[in-house]
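Let's walk through this structure together, starting with one chain as a whole and then visiting a single residue.

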12 protein chains.
Amino acid sequence: MKILIIHGPNLNLLGIREADIYGTKTLDEINSMLRQLAKELNAELDIKQSNHEGEIVDMIQNSRNYAALVINPAAYTHTSVAIRDAIAAVEIPAVEVHLSNIHKREEFRQKSLIAPVAYGQISGFGYESYLLGLRAAVSIPKKRG
Amino acid sequence: MKILIIHGPNLNLLGIREADIYGTKTLDEINSMLRQLAKELNAELDIKQSNHEGEIVDMIQNSRNYAALVINPAAYTHTSVAIRDAIAAVEIPAVEVHLSNIHKREEFRQKSLIAPVAYGQISGFGYESYLLGLRAAVSIPKKRG
Amino acid sequence: MKILIIHGPNLNLLGIREADIYGTKTLDEINSMLRQLAKELNAELDIKQSNHEGEIVDMIQNSRNYAALVINPAAYTHTSVAIRDAIAAVEIPAVEVHLSNIHKREEFRQKSLIAPVAYGQISGFGYESYLLGLRAAVSIPKKRG
Amino acid sequence: MKILIIHGPNLNLLGIREADIYGTKTLDEINSMLRQLAKELNAELDIKQSNHEGEIVDMIQNSRNYAALVINPAAYTHTSVAIRDAIAAVEIPAVEVHLSNIHKREEFRQKSLIAPVAYGQISGFGYESYLLGLRAAVSIPKKRG
Amino acid sequence: MKILIIHGPNLNLLGIREADIYGTKTLDEINSMLRQLAKELNAELDIKQSNHEGEIVDMIQNSRNYAALVINPAAYTHTSVAIRDAIAAVEIPAVEVHLSNIHKREEFRQKSLIAPVAYGQISGFGYESYLLGLRAAVSIPKKRG
Amino acid sequence: MKILIIHGPNLNLLGIREADIYGTKTLDEINSMLRQLAKELNAELDIKQSNHEGEIVDMIQNSRNYAALVINPAAYTHTSVAIRDAIAAVEIPAVEVHLSNIHKREEFRQKSLIAPVAYGQISGFGYESYLLGLRAAVSIPKKRG
Amino acid sequence: MKILIIHGPNLNLLGIREADIYGTKTLDEINSMLRQLAKELNAELDIKQSNHEGEIVDMIQNSRNYAALVINPAAYTHTSVAIRDAIAAVEIPAVEVHLSNIHKREEFRQKSLIAPVAYGQISGFGYESYLLGLRAAVSIPKKRG
Amino acid sequence: MKILIIHGPNLNLLGIREADIYGTKTLDEINSMLRQLAKELNAELDIKQSNHEGEIVDMIQNSRNYAALVINPAAYTHTSVAIRDAIAAVEIPAVEVHLSNIHKREEFRQKSLIAPVAYGQISGFGYESYLLGLRAAVSIPKKRG
Amino acid sequence: MKILIIHGPNLNLLGIREADIYGTKTLDEINSMLRQLAKELNAELDIKQSNHEGEIVDMIQNSRNYAALVINPAAYTHTSVAIRDAIAAVEIPAVEVHLSNIHKREEFRQKSLIAPVAYGQISGFGYESYLLGLRAAVSIPKKRG
Amino acid sequence: MKILIIHGPNLNLLGIREADIYGTKTLDEINSMLRQLAKELNAELDIKQSNHEGEIVDMIQNSRNYAALVINPAAYTHTSVAIRDAIAAVEIPAVEVHLSNIHKREEFRQKSLIAPVAYGQISGFGYESYLLGLRAAVSIPKKRG
Amino acid sequence: MKILIIHGPNLNLLGIREADIYGTKTLDEINSMLRQLAKELNAELDIKQSNHEGEIVDMIQNSRNYAALVINPAAYTHTSVAIRDAIAAVEIPAVEVHLSNIHKREEFRQKSLIAPVAYGQISGFGYESYLLGLRAAVSIPKKRG
Amino acid sequence: MKILIIHGPNLNLLGIREADIYGTKTLDEINSMLRQLAKELNAELDIKQSNHEGEIVDMIQNSRNYAALVINPAAYTHTSVAIRDAIAAVEIPAVEVHLSNIHKREEFRQKSLIAPVAYGQISGFGYESYLLGLRAAVSIPKKRG
């Protein structure tokens with residue numbers, strides 16, 4: 001079972017800045033934890049990051065061989081219909097994750113354009129959101145199978 | 001580590017009705033899965049259900065000896081400031097879970113009054129939402145400790 | 001054919017107070033008229049009243065042996081997603097009735113959270129709303145049968 | 001006791017099209033049922049239909065000899081201040097009826113410009129809405145007399 | 001100088017009903033006062049009334065030989081883009097008049113679709129609104145000439 | 001019969017600036033026309049102007065010996081509850097006038113805080129608005145007397 | 001193949017007034033171009049115009065023998081639920097056309113009540129909108145057939 | 001003179017948690033201060049607390065022998081039409097009190113559903129709000145008597 | 001302990017006009033009651049009134065030697081950011097009082113720009129609001145001291 | 001005459017996914033049809049597709065040698081001010097096309113940021129929208145020339 | 001070149017209170033810096049401050065001999081149409097400055113009524129906003145000249 | 001001191017098109033003026049332009065060695081949360097500049113997503129906005145240092 005992890009814009013700065021909101025783990029550390037959990041769950045991971053909306057659209061369009069996506073769309077959560085449409089167009093279930101609890105933050109961050117096309121959403125658990133998201137992604141095809 | 005699970009209104013009907021939205025597992029089956037996972041995670045569970053807003057407020061007020069709450073506030077997610085205030089008043093982290101993806105449903109279901117005082121929110125994975133919620137609840141004190 | 005009548009909060013005060021809005025009939029007088037009409041229509045009635053949202057949810061959950069509900073949700077018309085969800089969860093048609101014409105009153109009373117899951121709504125005819133509601137309730141299974 | 005029934009725009013197509021929303025009875029069949037019920041209730045009926053807002057205003061202005069109106073304003077429910085003003089101007093109670101449950105439909109259909117000047121509103125019972133509306137109309141003068 | 005007076009829907013009932021809002025003068029009495037004032041001002045009047053939006057559109061389209069219009073669009077003030085477009089299409093200045101002060105009444109009556117294409121608006125002086133409107137209409141070409 | 005004319009803020013610049021919106025007459029010229037018309041109508045005028053909200057409140061409070069007010073509140077039309085309350089507190093009818101058609105201008109100028117406590121409103125006829133307003137003011141006590 | 005063209009209110013004035021918005025072609029000239037194009041496309045045309053909402057509803061109800069409608073609802077685009085319901089009730093595809101680009105104009109003109117029941121919408125190409133609309137109408141049955 | 005004091009949901013936790021918002025006095029300490037002030041004012045107190053909306057409705061319905069209510073509806077301030085309707089139904093003046101200044105807090109806490117049926121509202125003075133509320137309650141019947 | 005009382009615009013008319021809303025006491029009578037209560041509470045009062053927003057800003061800026069303010073901003077409650085900023089700038093606690101229950105009145109009166117910077121708000125008790133406000137003002141420094 | 005066709009994000013997946021909304025034709029098939037029609041109309045086509053907002057801005061900036069653009073901005077229709085500004089900056093008329101009828105879809109898809117700077121809009125005719133759009137684009141310079 | 005600097009309400013308290021928002025410089029210190037910069041730029045300054053809206057209107061009306069205004073309207077930024085109209089009426093360019101970044105503060109402070117009639121706006125640089133504003137003011141006539 | 005200047009989308013067209021809104025200077029000319037001013041201020045400049053949101057995010061992430069940013073986000077001002085988050089993530093103060101006065105333009109241009117994370121905003125002075133912005137940027141570290 002292959003899972004694609006997509007990190008959205010500015011997540012390459014994780015652990016370096018604004019640690020009070022996003023935690024002290026770097027993206028590399030989170031990716032390591034994800035790879036270790038994937039091994040436990042017998043899943044294979046590909047992990048990508050981009051600050052470019054169009055590149056993320058491309059990544060999603062090219063995800064046909066994956067069993068599921070785990071995506072943290074970050075800032076594009078609230079502004080990208082293109083990413084939403086890409087997820088809706090491919091038939092692979094997408095798990096939306098957020099480090100911070102977006103429902104506690106600015107008004108405009110509480111509305112996700114992605115959520116209505118996502119399989120489910122996990123928000124607020126710091127790096128644990130990614131680990132829970134990976135577990136969720138692995139469980140979906142099992143339930144369906 | 002003791003965890004309190006609170007099921008909100010109408011969840012006693014799970015698996016019996018509207019299976020297309022909420023899945024085919026009964027509440028007892030979900031509770032069994034939760035108890036089994038708790039054992040794996042070395043956690044102790046108490047599980048309660050109520051259709052009464054005031055009773056849920058009472059349950060939360062009496063949760064001081066628990067390490068965390070996992071709560072599916074169901075209909076009260078969208079209407080209960082009293083449950084929100086009870087969660088804010090006690091100092092125990094609360095994980096909000098939903099079976100269905102509330103962000104895909106009616107406008108009024110997309111806004112949670114509980115989320116701004118919850119530690120995090122998990123929504124849309126069917127009974128798996130509860131299992132992920134329990135894992136999340138167990139992970140919180142570890143991170144803090 | 002068994003019909004369940006549910007009177008919501010504050011309706012136990014009917015005929016005693018605010019007669020200019022709700023009329024001079026007491027709840028007992030309305031119940032007598034309902035029982036007499038039920039006899040004419042060969043229907044059997046159970047009649048309940050509660051000021052507690054949770055109790056009304058319980059009543060609806062326990063209504064499986066009835067052919068239909070006639071419910072005046074009163075104040076909970078505008079605030080209770082829990083009652084809405086209970087009606088949606090059981091498979092019995094619900095007729096929503098109101099003594100006053102709610103569409104003439106305060107802005108917040110013009111929106112019913114119950115109406116989208118009710119079979120139909122009757123509003124503004126005083127105690128006659130209940131009698132029309134009972135007739136409507138009796139007619140539904142006939143049309144379906 | 002004379003009652004005037006007014007059918008608004010497009011109701012002349014009843015039973016022919018969109019039967020899933022409006023039912024399979026034609027307007028003639030509904031009119032027959034209304035006439036039969038009127039006989040039982042010792043009421044005399046006049047029945048009119050128009051697709052023209054101005055004609056419906058004229059009908060209402062000329063309704064002074066009737067004890068009550070039963071009106072299904074159809075599309076004009078949501079757009080006609082002129083019909084509202086005509087009902088407010090004549091002193092005859094008006095019962096507003098709708099075949100479908102307008103509170104379940106598009107946002108713009110959930111708001112009635114007519115309801116605040118109507119005696120009461122009945123919505124969602126198919127052709128039965130008309131029969132209940134006729135009963136309601138007959139009951140009003142009795143309560144007042 | 002020829003002036004066209006257009007009375008909108010339900011104004012044929014003036015003086016007969018709802019005298020507390022619209023005053024006790026009948027439309028005929030107001031028309032007499034208008035004709036007498038016209039004589040004083042050396043203007044020639046044509047006066048029309050209709051309950052039909054389309055007929056009022058026709059009247060306005062056919063008003064090319066008039067120096068100005070005085071129009072009380074009544075209910076169509078708030079709902080008719082067609083009348084607005086007709087006024088915008090002909091090149092004759094239109095004076096909008098209202099018997100009652102529409103800015104004191106229901107929210108929906110406070111917005112006029114006609115006002116942005118009218119020369120000016122007079123509202124709230126009872127029958128005097130028409131007389132002031134006629135004076136205003138007569139003064140416009142003078143200022144321009 | 002004594003009438004008080006109140007000119008609001010910036011009207012002292014009339015005829016000097018923004019003539020395309022407000023016309024080419026100066027405030028003195030308008031006042032002369034008002035005084036001449038007052039003579040014809042056997043009315044006595046006092047005329048005041050102020051750029052200060054508080055001074056206009058004072059003027060209105062001191063208007064008890066007048067039969068009516070004619071007020072162009074200008075910018076304060078849209079922002080002054082204090083002027084509204086002063087008009088409501090004294091018992092003298094107030095005629096609200098505007099040079100430009102406020103319903104054609106910026107959104108915020110289309111809402112008058114004064115109108116709901118004014119006797120009536122005249123808007124859009126340039127200096128003629130004042131003359132019509134004076135006629136209206138003179139006609140009110142006659143109708144009442 | 002028979003196509004019905006319906007021109008809404010005030011379009012009889014085309015080419016005569018407001019040429020800057022609607023162009024300099026008269027309705028007759030547009031109709032000639034439509035007839036010529038119809039010939040090329042082997043379609044048969046009927047063309048109607050009305051300023052009356054009710055008449056347009058009647059026209060649509062009587063369009064059953066046509067393969068498609070091309071309708072410019074003009075002012076009724078934004079206010080007529082009755083025309084919307086008529087189009088929804090008949091089973092003939094309707095192509096909505098506008099001379100001006102309604103999305104560039106006043107806020108209230110940017111929302112079409114007709115569009116959600118139309119097959120498609122063409123807006124902004126002047127008389128060319130009609131020609132494109134006729135081509136579109138002719139193409140629909142071909143795609144379906 | 002008998003006064004009923006009603007403490008709404010979560011107020012039983014006063015002084016124990018969130019002291020920065022609600023102060024350090026426990027509910028028992030506040031009740032003692034209220035009883036002492038009542039003695040000074042020659043009033044008799046009954047004091048109740050509940051987390052259940054329905055129980056608070058019951059308390060209000062049973063308050064007929066009291067001269068006035070002092071109620072802190074807490075979370076139900078913003079969500080309970082049932083409590084509002086109960087207050088409107090009984091004829092006893094109700095003084096609404098809040099420990100914190102609700103007008104400084106979250107948007108949803110700034111709107112009280114109770115205030116429009118309360119005699120008056122006191123907000124923001126900590127436990128002093130209750131003491132002022134009791135004084136206010138005692139003063140009302142005196143002014144009326 | 002010195003307290004400053006500020007009466008906002010139009011309050012100089014108290015007891016003379018609109019007694020049904022604001023009561024029959026004159027401002028002088030209220031001031032006498034305030035002075036008498038101040039004596040009981042060992043407080044020294046200065047009392048000012050103005051119809052001018054700028055003067056009220058000046059008064060507040062010059063209040064540094066007072067222990068607290070009691071202010072009824074009247075109409076400026078809803079429109080004055082300048083008064084709000086003045087209160088925020090000086091460090092003296094301000095008690096906002098209203099004679100009428102502003103939460104029962106027009107929509108625009110239900111929002112106070114002052115409340116978010118006030119210590120607390122008392123609304124609806126007629127002249128008693130001032131007396132309660134004075135008690136509140138006197139109690140603040142005690143609690144703090 | 002050279003025309004530039006721009007296909008926005010996700011349109012490279014046409015015909016492969018979500019055929020119920022967007023039809024079964026692939027982008028290549030549509031491009032072939034466009035090229036064939038261009039030949040008939042004596043126009044020369046360039047066709048581009050991108051998932052990147054910035055690339056589409058670049059394409060438009062570089063379109064100076066074209067007589068017109070035909071653009072389906074897809075998801076960027078609703079979110080891209082940058083594309084809007086690029087179209088406004090170049091002086092080439094842009095025809096906006098949509099495969100689906102965007103006015104029938106989710107609320108956020110009904111508003112186009114592009115439309116106010118487009119020459120016209122064609123929506124809902126499937127691949128035919130492009131063909132009509134090309135015809136429209138070709139007709140514009142003719143009308144102007 | 002003469003420039004008029006206008007400081008709005010409460011700015012006389014600068015440097016004394018709320019230094020965390022507005023900085024520690026007093027108004028006198030800012031004025032000194034302005035005068036020094038003016039000397040460098042060969043400009044002549046007049047500097048005024050008022051807490052009164054009407055006085056600021058007067059100042060602007062009397063500014064005809066100045067080349068430009070630099071105005072910090074402070075609280076009146078958000079509430080004064082009178083100051084807006086005064087700026088629009090005189091023909092002198094106005095530079096709007098703010099010490100704090102108003103776009104970061106309360107919702108109501110993010111909207112400026114003045115900005116649409118100002119030449120430009122500078123916000124958030126503390127006392128530097130004034131110095132930049134003076135430079136901007138001096139540069140305007142140069143660009144125009 | 002090193003300063004980074006970022007020009008957003010479409011600014012490469014400056015001086016070439018829409019000179020009435022954005023002025024006649026080309027981007028090169030503005031950059032020359034900026035470099036000359038930088039020399040005067042002893043600052044070192046890097047200047048970049050991009051039409052791609054993601055590239056601008058990258059530029060900001062790579063700005064750690066600069067003392068400040070001056071950014072004209074152009075169209076992305078109103079739509080890019082990604083740029084906002086990038087600015088918030090790096091610790092370098094950002095000065096937001098706009099050529100046109102965005103507060104005078106379309107509603108959607110009046111709201112900046114960037115402003116709440118910018119140090120300050122300068123809008124409306126044409127190319128002068130950049131020069132003022134550079135001065136502001138240079139002054140920030142001085143004040144802090």
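A contact here means heavy atoms within 4.5 Å. By that rule, residues 24 or more positions apart account for 75% of the contacts in chain A with a separation of 6 or more.

This is a predicted model, in which local features need pLDDT of at least 70, side-chain atom pairs count only at pLDDT 80 or more, and totals for chains, interfaces and linings use all residues. Residues are numbered from 1 along each chain as its sequence is written, chains are lettered from A and ligands numbered from 1 in the order in which they are written, and side-chain values use heavy atoms, leaving out hydrogens and water.

Along the sequence they follow the pattern β-α-α-β-α-β-α-β-β-α.

Some overall values for chain A:

| Property of chain A | Value |
|---|---|
| Box filled by C-alpha atoms, along the principal axes | roughly 40 × 30 × 25 Å |

Now to D:Asn101, which lies in the loop between strand 4 (94-98) and strand 5 (120-123) of chain D. Is D:Asn101 buried or exposed? D:Asn101 counts as buried because its relative accessibility is 6%. Its contacts, not counting residues up to four places away in sequence, include C:Ala115, C:Tyr119 and D:Ser123. A polar atom of the D:Asn101 side chain lies 3.2 Å from the backbone oxygen of C:Ala118.

Definitions and conventions: Helix = DSSP H or I, 4+ residues; strand = E, 2+ residues; numbered from the N terminus. Buried < 20%, exposed > 50% of the residue type's maximum accessible area, 1.4 Å probe, protein only. Polar contact = N/O pair within 3.5 Å; in protein donor to acceptor, adjacent residues only side chain to side chain.
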